[in-house]
Amino acid sequence: MSVVTKADQVATVDTIAVTIDGIEVQVPKGTLAIRAAEMIGIAIPRFCDHPLLDPVGACRQCLVEVPDMGNGRGMPKPQASCTLEVAPGMQIRTQLTSPVAAKSQKGMLEFLLINHPLDCPICDKGGECPLQNQALANGGGESRYEGVKRTFPKPVPISAQILLDRERCVLCARCTRFSEQISGDPFIALVERGALQQVGMYADHPYDSYFSGNVVQICPVGALTSAAYRFQSRPFDLVSTETTCEHCAGGCHLRSDQRHFQVKRRLAAEAPEVNEEWNCDKGRFAFVSARGEDRITRPLIREDGVLRIASWPEAIDAAVAGLAAAGSSAGVLTGGRLTLEDAYGYSKFARAVLGTNSIDFRSRPAGADEAAFLAARVAGRTVGQDVTYADLEKAGHVVLVGFEPEDESPLVFLRLRKGVRKSNLLVTAIAAFATTGTEKLNATLVATAPGGEAEALAGLELAPGNVILVGERAALAAGALAAAADLADASGARLAWVPRRAGDRGAVEAGCLPGLLPGGRPLADATARVDVASAWELESLPAAAGLEATAMLAAAATGELKALVVAGIEPSDFADAAAVRAGLEEAGFVVALENRLSEVTERADVVFPVALIEEHAGTFLNWEHRAGRVNTVIRQANAPMTDLRVLAALADGLGKPLGIRTAKQALAEIVELGTWDAPVTKAKPTRKAAAKKAAKPAKVADGEVAVKLSTWRQLIDGGRGQDGEEFMAATARDSVARVSPALAAQLGVADGDELSVNCNAGWYTLPVVITPGMAEGTVWVPTNSPGTPLGELGVVFGDDVALSVGGEE
Amino acid sequence: MTDTLTPVLSAQWGAEKSWTLDAYTATGGYEAVGTALKLTPAQVTDMVKDSGLRGRGGAGFPTGMKWSFVPKDNPNPTYLVVNADESEPGTCKDMPLLLASPHILVEGMIIASYAINCHTAFVYIRGEVLHVIRRMQQAVAQAYAAGYLGKNIKGSGYDLDIIVHAGAGAYICGEETALLDSLEGRRGQPRLRPPFPAVAGLYASPTVINNVESIASVPSIVKNGSSWFGSMGTEKSKGMTIYSLSGHVNRPGQFEAPLGITLRQLLDLSGGVRSGHQLKFWTPGGSSTPILTGEHLDVPLDYEGMAGAGSMLGTKALQVFDETTSVVRTTLRWIEFYKHESCGKCTPCREGNWWLVQLLKKFEAGEAVDGDVDKLLDICDDIGGKSFCALADGAVACVTSAVRHFRGEFEAGYKTPAWELFPYGASALFPVSEKVGAHA
Amino acid sequence: MSGHEFQSFFPDSGEVDMTDTSTSIDEATMAELRDLAGRYPQARSALLPMLHLVQSVDGRISPAGIEACADVLGISTAQVSGVATFYTMYRRRPGGKHHVGVCTTALCAVMGGDTLLEKVSAKLGIEPDETTADGTFSLERIECNAACDFAPVMMVNWEFMDNMTPAKADKLIDDLAAGKDVSSTRGAKITSWREAERVLAGFTDGRADEGPSAGEASLLGKSIADANGWAAPKPEDAK
């Protein structure tokens, strides 16, 4: 889990010598003067400059004097150091040594302030504002301006989430350049001209971008603010902690700011290898779920069919009694929210304490050959052995299979887009239709109905160094994972699995799968079992194969399995929500470890409150296998225990101590254990069609058309982790049903008409969007949008569904 | 010794239906196309280089050299864009040229395009000149019909399309990179250089941008030879050019003469300053060129002469103002123009012109206070040379040159309104209303 | 003046008039918009002409026009709005049948342009950027229109009205209001602002042959040269 830097990967760069304020510095060719100055600690003031945006030279704040261009001649005018590439022998004088540069900068600041409202005391940015800082450090004490100030009605909501105060704006165009260059959502633009120029939008098309929060962060003044944080706090009253985002497997580094033991806002932290300086709106804004009335703060036990508050010892005793009675006839469902350390705790608890291999993190539809694929291609790797964000940029060609990056891994999307813009990256999407994300990546669509992925992959030619990215849905497409692996092996392309949830990659590594022990060790391998058993100081590990999540729930429903230990899962996330509920209800004994009341706690016998992510320390492994630190943002004496501590207490009660109770101890053990280094027998996943759970072809009634279901989760949807963030929820994409023009014609529907997606368990009715170029015989609907979670219908990606016109019959 | 006036571009402006193909070909029009297409592109470029033709749009960059900057190995197509966005205050030469002799530009474009291996060329005409656009549209249509445009021009194997494009009201689009953004359907804001248009211009492809008059001069060079062209003008400013005389003169108008003629000569030809009045100040090439006074009447109107006098030749737009004119008033009006036309991209131009207008209004109203002249100059110093493009430099030039020559008039603005010192009615060509006269 | 005086808001800035959603853009207009987009190596180059066409159809840049352009070009409505609000020829409110411009840049202003604007404004009863109630005239204070040797200058529907005086302006407005034939001094018979916009969009109206080749001032130098027998050197003399 350390960063591996191979010497041969460090390209040699041509450097040139330039002199800045009399100090000679060697910088790579092509370096901008403003960066060269940074390298020797000289900060040239700037507003429009941003290292990740194309240079623009608009604000003119960073003017420097160039007495010698390197050829003995000076430049007649001061130069914008943010657009000036240095040349060998160039002499640069900044405000520190050049009166011309100093006066230019002072004059520019005066210009920027003549129309500025100077409302710092009521501005969110006050205290962390580059304009304010500049004015204090280098500005004139008094303005010479006596004219009228340009004022506008304020503020203008440019989306439900982002507000614009135009009179504060210095027209640096960072926001519009971000939206156009980085995220590809040019729904804001500079409008008007001259002194009236301003950031604008089109009233009927708000700035609903998954990345809109970044413009608030990069605004060098208080012109852009977020509805959620506006007037919430002063920057100097906040306590900041760096941490890692819990929403997806992207692993964004965040800065989490708290005041009065409440997280007030989250910002993208700087992590050049991972999220650079960006993040998505979900990671930025969705942090209030479970922080409200429904939070669990004390243990609960069921008595006479009703949950009541219990003391910790009482609850632990109750749980221990139930689990002891079940013995090894227990299963563990961990879900996707856990840190690596917590996941490891559950894995060890299952095998070493309960004595079962029935543990599964996949609280979602899972494919038949997925576990084998994960064992062979994912588990036991370290960062650098597989594809990284940086690799994506330079891959030349990236193929997306069962993976919609903009929705399912937004920072992968941004990195792909950067590769497309800067490094001639080609992207091919094997998907049902060309999404806005595909368009922004200028990707080639191989229009593919669900189930056709393997065939589509077989038709592609790749070269060494190219990359295939498979998402979690690929496991549901018959043979797709195997086909991807074959294509990678045959072509020399690299393959990476990009799971959706933050805890998924760590769960694989921790052994939260029936057939995988920690470190990618196959349970079936006796050496591997001995390996782990000796590390855990046990005589042996259970060798009997465990059950996968769905099987566990089915077994619980029949009484075959006597107890379940459940971390954060939601029934509707599974392929069949009803089956999950039945399993939880019928199970002999259920222990739930949760943040907030849920469908699981409703059905649990004992409920333990556990710490929120901001009360946690630990690690998330992102899709690259890179470790991201989760740091404790809020330290309160009465904070609930972590999952790990609760498990340790239960283990103690069961008389089989877990041996770890803190994240630090767990991580030490994980590191000590290391990864499986036995010769990997590439147990290839089979190519045969994934054996479906009880196949249930939808009955096709008169007037209905049978089609394949394509679906994924939109980034902002009905997920419980986003609860409570209404501003962000209002920027979600519409919940629609997409069909091809031919299918629409067959059905006789037009854009906006109501279309019902039917299966045996029921139907959902959604407005139609006719989508040219879409694969035939396919309908796409979102997986988990508010009111229409597919788990309730019991259908998954690739299933057969029937379409009919209109709403309820 | 060449004649005082040398009409070449303007020679046929008075001819019957001068704008038609028939009228143009009747006097040898399009013959130069035949000549050029028999030469190699490099030979044509060399010919223009040898002639010494310099850009007539204001900057005076050698035209042939500009053509030779186009890289030969660039895989993208090369484009020629003619800048007909004539909007600089005082400048009024390209519009009469296109109105009367649009075919001379079409012919020049064919030759220039051939020289730079371009197959799609554009004329970007400011939108506010409807009839000029009509005449240009028709000329291009006639040239297609006659086989001077389109595929295989006159059997040469050379193809060229010309697109006539109307702007929509923005002075900044006369700046060549802003023009390119505008022609790409964007806000006309100047682009960062490098890359220069010759390497990455329109659609990020090699692009040559020339003024109307520059390209219109090319057929005569091809027809008559480089040395013919060079026989007119001065050592470094060769050829004939169009001078536009306007303002307080008895007979304003267009004069095509060898470079290096003086304002005194032009005034003598045209009946002098408005009868009963004397010259007070003038611009050599539009409002962006520092104003000059009577002491500069004998300075040659060429690139070097004007630079030596602390100004610039610019577009050769000679705006003449007599002694009735308040220089504070004209300066304010020009700065209002620059404020109105500033694109807004960079701080000093956007905010500086906004500020200058307010300050100059105080001077005009006699409400400036002691020290405001120095403040005015200091603001100009904070703008000049610091902006993204030259628009703000032009704005600053008209303020600083006005203060340089007429500081006392600005200082009078501490006490007395400009309209009291220079009753505005005296400057007008007809009796003005009391309101304007008193500027109440 | 002490301290800072706050200028009133710019309530109308930032976008076109979104309260007026009326439009006359139909399938024929859409076809013409697509035609314009097809005339350029890259479609977006047609945006300025397309917006001229929108004005010729809707009399202003309408929300529907912005959406139509965005749709045809595959760019965002915000991007179209950014362009539509940048250029001064694009109007936010319906223009008059005749759009009258009076130049008040320095030279024209000094020579009488200020008076012309004031008189025209008073006669029409509207301020610059307004349209008369009957929709016949809109008025604009224009910047230099490249006709300085004919100062002071007015424009009607972007046709030159050279060497204006208050009396000429008065008659011009009266004649236009009365529907009489009026011709530009260096242009065609006056049609209407919307028809002019259509020509600017790139759809010709067959009037290029109307009007003179040049005005008197344009020909001054040539006539003096002719009178003096002056000409450019002959090629053979220039060795």
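In chain A, strand β33 (residues 754–759) is joined to β34(A) by six bridges, and the two strands run antiparallel; strands here are DSSP runs of E of at least two residues and helices are runs of H or I of at least four residues, both numbered from the N terminus, and two strands pair if DSSP finds at least two bridges between them. The link from β33(A) to β34(A) is a hairpin through two residues, and within this pairing Asn758(A) stands opposite Trp763(A) in β34(A). Strand β34 (residues 762–770) of chain A also pairs with strand β32 (residues 737–739) of chain A, here through three bridges and in parallel, with Val768(A) in β34(A) as the bridge partner of Ala737(A).

The model is a predicted one, in which local features need pLDDT of at least 70 and side-chain atom pairs count only at pLDDT 80 or more, while totals for chains, interfaces and linings use all residues. Residues are numbered from 1 along each chain as its sequence is written, and chains are lettered from A and ligands numbered from 1 in the order in which they are written.

Elsewhere in chain A, three strands form an open sheet in the order β12-β13-β14, with antiparallel pairing. Its edge strands, each pairing on one side only, are β12 (239–244) and β14 (262–268) of chain A, and from one strand to the next the twist averages 30°, an angle taken between N-to-C directions on a scale from 0 to 180 degrees, with axes fitted as lines to C-alpha atoms. Between β12(A) and strand β13 (residues 253–259) of chain A there are six bridges, and these strands run antiparallel; in β13(A), Asp257(A) is the residue opposite Ser240(A).

Along the principal axes, the C-alpha atoms of chain C fill a box of roughly 60 × 55 × 45 Å. Of its 239 residues, 57% count as buried, meaning that 20 or more other C-beta atoms, placed from the backbone, lie within 10 Å of a residue's own. Among the contacts in chain C with a separation of 6 or more, 63% are between residues 24 or more positions apart, where a contact means that two C-beta atoms, placed from the backbone, lie within 7 Å. Chain C is divided into domain 1 (12–94) and domain 2 (98–191), bounds that come from an automatic or database domain assignment, and the C-alpha centres of these two domains lie 26 Å apart.

Where chain C meets chain B, the contact takes 72 residues from chain C and 90 residues from chain B. On the chain C side, the elements that give two or more residues are α2 (47–58), α4, α5 (106–124), α7 (193–201) and α8 (216–228), and the largest share, ten residues, comes from α5(C). By class, this side of chain C has 42 nonpolar, 18 polar and twelve charged residues, with Ala, Val, Leu, Ile, Met, Phe, Trp, Tyr, Cys and Pro counted as nonpolar, Asp, Glu, Lys and Arg as charged, and the others, Gly among them, as polar.

Chain C also touches chain A, with 21 residues of chain C in contact with 22 residues of chain A. Here β1 (5–6) and α4 (77–84) of chain C each supply at least two residues, and α4(C) gives the most, with five residues. The residues on this side of chain C divide into nine nonpolar, ten polar and two charged.

Chain B is itself divided into domain 1 (21–230), domain 2 (240–322) and domain 3 (327–422). The C-alpha centres of domain 1 of chain B and domain 2 of chain B lie 27 Å apart, and 13 residues of domain 1 are in contact with 16 residues of domain 2.

Finally, the largest nonpolar core has 484 residues, of which Val401(A), Ile468(A), Ala484(A), Val82(B), Ile111(B) and Cys69(C) touch the most other members; such a core is a set of buried Ala, Val, Leu, Ile, Met, Phe, Trp, Tyr and Cys residues joined through C-beta atoms within 7 Å. Helix α18 (residues 391–412) of chain B gives this core its largest share, ten residues. Not counting residues up to four places away in sequence, Ile468(A) touches Val399(A), Val401(A), Ala484(A), Leu487(A), Ala488(A), Ala493(A) and Leu495(A).

Conventions
A residue is buried if 20 or more other C-beta atoms lie within 10 Å of its own, exposed if 12 or fewer, and partly exposed in between; C-beta atoms are placed from the backbone.
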